Amino acid sequence: MKKRLVSILLSALMVASLTTACGGNAETAAPAPAAETETAAEEPAAEEPAEETETETETETESEDVAADDGASEEFTLLDVSTDMIEAGVYAVSEDGTELVFSLFTEPSGTPMASLFVFPAEGEGDVICGTYSAENETDEDGISWTLLTVTDAYTDGEFEIGFGESDAGEVYIFDTQGTPYEGEYLSADDTITYMGTAAALME
């Protein structure tokens with residue numbers, strides 16, 4: 001099934017618009033208009049009015065720039081996650097063909113985040129993404145489990161997901177139902193690829 005997910009990558013990347021958000025929307029702030037250039041063309045010959053007009057224009061432009069920056073800070077989406085933000089990535093597939101992509105990453109503001117894409121064979125996927133608190137425990141088989149209580153950015157609900165690691169190097173992830181799946185670690189680049197592909201499939 002890993003080959004199946006990778007094989008649909010090219011078609012997934014051709015999706016015109018990917019708007020899966022995590023803690024924000026996907027709208028792009030419009031650039032500030034070139035007000036100074038327009039004002040310069042219309043300014044009168046007198047020196048004093050020209051200075052007043054330029055000062056007002058600079059103030060307006062600064063305000064627009066601040067507004068654009070504020071808008072940009074609210075536009076972070078899962079598709080903005082880059083390889084340098086990735087802390088861990090795991091891919092797993094169940095016997096019935098359900099694919100899961102789990103990731104831990106740190107967004108630009110420095111906030112640790114977790115995400116879990118679940119993509120059933122039927123094609124109706126789901127994603128959880130948000131901040132989390134973590135608890136650790138080791139079971140009788142020597143698997144060290146990390147339980148994450150994630151505050152989902154989409155629903156504001158809380159979900160429990162997580163992963164486990166054995167001394168032998170095996171890795172597992174479990175979904176919101178507590179069902180464990182044996183998986184494999186992904187490189188940072190592969191994590192980004194799998195996340196982007198899963199997001200495209202949900203469009």
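# Exposure, cores and contacts in a predicted model

Student: Why does E122 count as exposed?

Tutor: E122 has 66% relative accessibility. Buried means under 20% relative accessible area, exposed over 50%, and partly exposed in between, with a 1.4 Å probe and protein chains only. At 66%, E122 therefore counts as exposed. The model is predicted: local features need pLDDT of at least 70 and side-chain atom pairs count only at pLDDT 80 or more, whereas totals for chains, interfaces and linings use all residues. Residues are numbered from 1 along each chain as its sequence is written, and side-chain values use heavy atoms, with hydrogens and water left out.

Student: Where does E122 lie, and what makes a patch of E95, D96, E122 and E124?

Tutor: E122 belongs to the loop between β3 (112–119) and β4 (126–138); helices (H or I, at least four residues) and strands (E, at least two) are DSSP runs numbered from the N terminus. Together, E95, D96, E122 and E124 form a surface patch of negative charge. Members of a patch have over 30% relative accessible area and no salt bridge; like charges are joined within 9 Å, and nonpolar side chains (Val, Leu, Ile, Met, Phe, Trp, Tyr) within 5 Å. A salt bridge is a side-chain nitrogen of Lys or Arg within 4 Å of a carboxyl oxygen of Asp or Glu. Asp and Glu count as negative, Lys and Arg as positive, while His and the chain ends are not counted. A charge is placed at NZ of Lys, CZ of Arg, CG of Asp or CD of Glu. Accessible areas come from the Shrake-Rupley method with a 1.4 Å probe, and for residues only the protein chains shown count as cover.

Student: How do you know that D156 counts as exposed, and what is its phi?

Tutor: D156 reaches 63% relative accessibility, so it counts as exposed. Its phi is near 65°, a positive value in a residue other than glycine. Most residues other than glycine have a negative phi. D156 is placed in the loop between β5 (144–152) and β6 (158–165).

Student: Why does E165 count as partly exposed?

Tutor: The value for E165 is 34% relative accessibility, so this residue counts as partly exposed. E165 belongs to strand β6.

Student: What makes I86 and D175 count as buried?

Tutor: I86, in strand β1, has 13% relative accessibility and therefore counts as buried. D175, in the loop between β7 (171–174) and β8 (180–185), has 10% and so counts as buried. I86 and S187 are 101 residues apart in sequence but 8.9 Å apart in space, C-alpha to C-alpha. For D175 and L100, the corresponding values are 75 residues and 8.4 Å.

Student: Which residues of the largest nonpolar core touch the most other members?

Tutor: A nonpolar core is a set of buried Ala, Val, Leu, Ile, Met, Phe, Trp, Tyr and Cys residues joined through side-chain atoms within 4.5 Å. In the largest, which has 17 residues, L78, V81, V101, F105, F117 and M195 touch the most other members. At least two residues each come from β1 (86–93), β2 (99–106), β3, β4 and α5 (188–201). The most, four residues, come from α5. Another core, of 15 residues, lies apart and includes V90, L100, I161 and V171.
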